Amino acid sequence: MDHDDLRHWARRAADWAHDYHAGLRDRPVRPDIAPGSLRAQLPPTAPEAPEPMEAIFADFEALIPDAMTHWQHPRFFAYFPANAAPASMLAEQLAGAMAAQCMLWQTAPAATELEQVVTDWLRAALGLPEGMAGTIHDSATTATLSAVLTMREAATGWRGNAQGLAGGPVLRLYASDQTHSSVDKAARLSGIGQDNLVKVATDADLSMDPAALEAAIAADRAAGRLPVGVVLCT
């Protein structure tokens, strides 16, 4: 595919996306298929030569949509909403065309400064103090992990990344059992450990019980453990 072909197929894909969203309400939210049913329709080995784009697009239309859970469906109420507005789909196409690696300012100056401006807007909208900053993450898991790592480093005097956690006090993180699974993953990946994620009791409204939290922190301090932070909600 060259860039002239890309122009044609990008228009074809846009037309498909329009028709998909127009008829999405008539589809089932989840496909009525058994595990392995799509795999059985695919060749067991990779093709030896490239296939024409017409054949690839036809395979996509015939196989993929009817084997997907449709997160954009108006009756999709599971997990969390993932509604892609037309503007966001267009933005993703433009970002994909540039294939930027937005790691730091030198690799993507515009992306870096756009992120800074947007996080400033968000800070102001939330009424947070002037001077607070942040970054935009790709998922709940990476955002939660970044927050827990920051808690860990602040509690250990910023020595964890440089010296490791061996020989230091046992670190303790607090959350309720109503939080997202990303909190458990962050406890494991950060080196705090699953056993040191303290699940605090909740009340009738499933809110964390402040007295239970206070008691857990006091008990850990008395035992020589180091509290690093509390996950209020995620």
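Visitor: Why is Trp 158 called exposed?
Guide: In this predicted model, the relative accessibility of Trp 158 is 57%. Exposed means over 50%, so Trp 158 counts as exposed.

Visitor: Where does Trp 158 lie, and what is its phi?
Guide: Trp 158 belongs to the loop between α5 and α6 (160-163). Its phi is positive, about 65°, although Trp 158 is not a glycine.

Visitor: What is the phi of Ala 99, and where is Ala 99 found?
Guide: Ala 99 has a phi near 50°, a positive value in a residue other than glycine. Ala 99 sits in the loop between α3 (86-98) and α4 (109-126).

Visitor: How do you know that β1 and β3 pair?
Guide: Two strands pair if there are at least two bridges between them. Strand β1 (residues 171-176) and β3 share 4 bridges, so they count as paired, and the sense is parallel. Leu 173 stands opposite Gly 229 in β3.

Visitor: What makes β2 and β3 the edges of the sheet?
Guide: The open sheet has 3 strands in the order β2-β1-β3, with parallel pairing. β2 (197-200) and β3 (226-230) each have a single partner strand, so one side of each is left without a neighbour in the sheet. On average, neighbouring strands of this sheet are turned by 30° against each other, direction ignored.

Notes: Residues numbered from 1 in each chain as written. Predicted model: local features only at pLDDT ≥ 70, side-chain atom pairs only at ≥ 80, totals over all residues. Heavy atoms only, no water. Helix = DSSP H or I, 4+ residues; strand = E, 2+ residues; numbered from the N terminus. Axes fitted to C-alpha atoms, helices over the stretch in contact; angles between N-to-C directions. Buried < 20%, exposed > 50% of the residue type's maximum accessible area, 1.4 Å probe, protein only.
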